[in-house]
Every structure is written in C-alpha cells, then in structure tokens.
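User: I would like to go through this model and ask what stands behind each label. Please set each value against its definition.

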Amino acid sequence: MTTPQERPRPPASDPTFTPPTLGRRFGALIIDWVLCLLVARGFADPVTDGWAPVLVLILEYGFFLGLFAQTPGMYITKIRCVSWTDGGRIGLIRGLLRGLLLALVVPALLMDDKRRGLHDRLTGSVMVDAPRRPA
C-alpha cells in the first residue's frame, strides 16, 4: 500500500515534470505501427487497403491506453500515456479519440512546452516515464 507521500504527483500540478524524449515517443510509435501492419495483414492487404493498419492503430490505442495506459510500443520504450490532471488512465473513449487524432498526424506535430501534441491536449493526456519496477 502506498501513502500519499509516495504517490507521484499528477503532471499538471508537478512543476518539476519532464516529459519523455521525442525519440522514445517516436520509437514507441514505430513499434506500434509495425505491429499494426502485421495485424492488418490478417484481414486486408496493407499495401492496397491503406485504411486497415490505420484502423488497427486507432483500436490498439483505444484498447491499450484505455486499459493499461501504454501500448506495446510504449511498454518497450518505458513510457505511458496518462491523464494530465490526475495521472490516471485515460479510458477507452479518450484512448480511441487520441488514436484517431494521432492517425491524422498533424495534431501530433503541434506541441507545447511539455511536449503535449494537440492530440494530447484535446484528450487531456500526457506522455510520462513509466514507473520503474522495484528490483
């Protein structure tokens, strides 16, 4: 059991919050995209049906961010996507919306000083370092 002193502060109220590097975020996205291409091959040809991997990416984000706060790519690169205000999971609906906005690409390129893309700001989310597991 954790005490209030041991719980991490929500990113919105933590003046020392430092977001993960863009390299780790981009690495997570590349890993997730490759996985989406592989999954999409199961029901469509990603080369001729360009919508298939994009649909899988949106669904992947909704499912994994909603339930686990990180996609497989984020797990590998040790980052998480959490709520900006309370640091908790963003839920299925906001995860789906974040995936949809990310698929549009442009919102991800418009970042603020906390490296929150437009897709993060519209869904009230932020990327953070994943907590380290005790040894």
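Analyst: What follows is a set of questions on labels, each answered with its value and its cut-off.

The model is predicted: local features need pLDDT of at least 70, side-chain atom pairs count only at pLDDT 80 or more, and totals for chains, interfaces and linings use all residues. Residues are numbered from 1 along each chain as its sequence is written, and side-chain values use heavy atoms, with hydrogens and water left out.

User: How many helices and strands are there, and what makes a run count as one?

Analyst: The chain has six helices and two strands. Helices (H or I, at least four residues) and strands (E, at least two) are DSSP runs, numbered from the N terminus. In sequence order the pattern reads α-α-α-β-α-α-α-β.

User: What makes the chain as compact as a globular protein of that length?

Analyst: The radius of gyration, taken over C-alpha atoms, is set against the globule rule, 2.2 Å times the number of residues to the power 0.38. For 135 residues the rule gives 14 Å and the chain has 15 Å, which is close, so the chain is as compact as a globular protein of that length. The C-alpha trace spans about 55 × 35 × 25 Å along its principal axes.

User: Why is Thr77 called buried?

Analyst: Buried means under 20% relative accessible area, exposed over 50%, and partly exposed in between (1.4 Å probe, protein chains only). Thr77 is at 16% relative accessibility, so it counts as buried. Thr77 is placed in helix H3 (residues 72–77). Leaving out residues up to four places away in sequence, Thr77 touches Arg24, Gly27, Ala28 and Ile31, where contact means heavy atoms within 4.5 Å.

User: Why is Ile93 called exposed?

Analyst: Ile93 has 68% relative accessibility, and therefore counts as exposed. This residue is found in helix H4 (residues 91–103). Ile93 and Trp51 are 42 residues apart along the chain, and their C-alpha atoms are separated by 20 Å.

User: How do you know that Cys36 is in no disulfide?

Analyst: A disulfide is a pair of cysteine sulfur atoms within 2.5 Å. A search of the whole structure finds zero disulfides. For Cys36, the nearest cysteine sulfur is that of Cys81, 15 Å away.

User: What is the phi of Ala69, and is the residue buried or exposed?

Analyst: Ala69 has a positive phi of about 65 degrees although it is not a glycine. Its relative accessible area is 0%, so Ala69 is buried. Ala69 lies in the loop between helix H2 (51–68) and H3.

User: Where is Lys78, and what is its phi?

Analyst: Lys78 is in the loop between H3 and strand S1 (79–83). Its phi is near 60 degrees, a positive value in a residue other than glycine.

User: What do the totals for the chain give on burial and contacts?

Analyst: Of the 135 residues, 37% count as buried. Among contacts in the chain with a separation of 6 or more, residues 24 or more positions apart account for 62%.
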